[in-house]
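My entries follow in the order I made them.

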Amino acid sequence: MTALSAGNEKIKYRLAQAVKECMKTTPVDKITVKEIAEACKITRQTFYRNFQDKYDLINWYFDKLLLESFAHMGEGRTVYEGLVKKFEYIRQERVFFAGAFRSDDYNSLKEHDFQLILEFYTQRIREKTGQEPEETIGFLLEMYCQGSIYMTVQWVLGGMKATPEEMAGLLVDAMPEAVARLFKELGLL
């Protein structure tokens with residue numbers, strides 16, 4: 001990492017902290033880039049040198065938070081263990097996720113999370129089989145990922161009453177039979 005990119009990373013993390021502070025009192029859809037920049041004590045131009053918009057910032061921070069949990073999901077660990085890790089991260093960052101998941105903007109965290117998790121599972125299948133998932137599995141996987149994101153949002157906005165382990169267990173139990181069978185064959189369940 002160069003000194004310039006290290007400086008950019010620091011600014012990005014400062015911006016993430018600023019948006020989290022704003023989320024404590026204001027819905028994401030109402031937060032402006034100007035407010036984020038002011039909270040971070042930088043110019044709007046500096047914000048835009050790092051992110052396209054507030055949703056790009058939120059998605060970047062989300063990626064950083066879940067990078068480790070996705071790594072665990074793919075490194076010989078089970079889907080269950082990876083989901084537990086994901087829900088633990090979400091619980092630790094509950095203010096951020098509660099604010100971000102309330103937004104329905106076109107570039108929202110819900111859509112970003114869906115794309116990430118669908119690609120993650122599809123990539124695991126490619127790695128284990130050397131080919132794309134068959135059409136039926138692709139359809140079921142897409143439907144499952146949409147449902148799992150929906151239930152994750154419900155869990156976050158509903159106060160996270162279930163433990164990360166309980167949520168992971170429920171999502172594994174809800175997996176379509178054909179997907180669960182394939183994941184078992186591939187050692188992912």
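This is a predicted model: local features need pLDDT of at least 70, side-chain atom pairs count only at pLDDT 80 or more; totals for chains, interfaces and linings use all residues.

Residues are numbered from 1 along each chain as its sequence is written, and side-chain values use heavy atoms, with hydrogens and water left out.

**Whole chain.** I counted 10 helices and 0 strands in the protein chain. Here helices (H or I, at least four residues) and strands (E, at least two) are DSSP runs, numbered from the N terminus. Along the sequence the pattern reads α-α-α-α-α-α-α-α-α-α. Of the 189 residues, 48% are buried. Buried means under 20% relative accessible area, exposed over 50%, and partly exposed in between (1.4 Å probe, protein chains only). I also looked at contacts, meaning heavy atoms within 4.5 Å. Among those between residues at least 6 apart in sequence, 69% join residues at least 24 apart.

**Helix α8.** I checked the length of α8. Its 23 residues should span 33 Å at 1.5 Å a residue, and the end C-alpha atoms are 33 Å apart, which agrees. The expected span is 1.5 Å times one less than the number of residues. I listed the buried residues of α8: Ile137, Leu140, Leu141, Tyr144, Cys145, Ser148, Ile149, Thr152, Val153, Trp155 and Val156. An α-helix has 3.6 residues a turn, so residues three or four places apart point the same way. The cover over the buried residues of α8 includes α5 (79-92), α6 (94-101), α7, α9 (164-173) and α10 (177-185).

**α7 on α8.** I took α7 (residues 109-129) against α8 (residues 135-157): the angle is about 140° and the axes are 9 Å apart. That makes α7 oblique to α8. Axes are lines fitted to C-alpha atoms, for helices over the stretch in contact, and angles run from 0 to 180 degrees between N-to-C directions. Angles under 35 degrees count as roughly parallel, over 145 as roughly antiparallel, 65 to 115 as roughly perpendicular and the rest as oblique. On the α7 side I found Lys110, Asp113, Phe114, Ile117, Leu118, Tyr121, Thr122 and Ile125; α8 brings Ile137, Leu141, Glu142, Tyr144, Cys145, Gln146, Ile149 and Val153. These split into 11 nonpolar, 2 polar and 3 charged. Ala, Val, Leu, Ile, Met, Phe, Trp, Tyr, Cys and Pro count as nonpolar, Asp, Glu, Lys and Arg as charged, and the others, Gly among them, as polar.

**α6 on α7.** I found these axes within 8 Å of each other, crossing at roughly 105°. That makes α6 roughly perpendicular to α7. Phe96, Phe97, Ala100 and Phe101 of α6 meet Leu109, Lys110 and Asp113 of α7. Arg94 is partly exposed, at 43% relative accessible area.

**Helix α9.** I noted Pro164, Met167, Ala168, Gly169, Leu171 and Val172 as the buried residues of α9. They pack against α5 and α8. Ala168 has a relative accessible area of 0%. Beyond neighbours within four places in sequence, Ala168 contacts Tyr80, Leu83, Val84 and Phe87. Its C-alpha is 8.9 Å from that of Lys86, 82 residues away in sequence.
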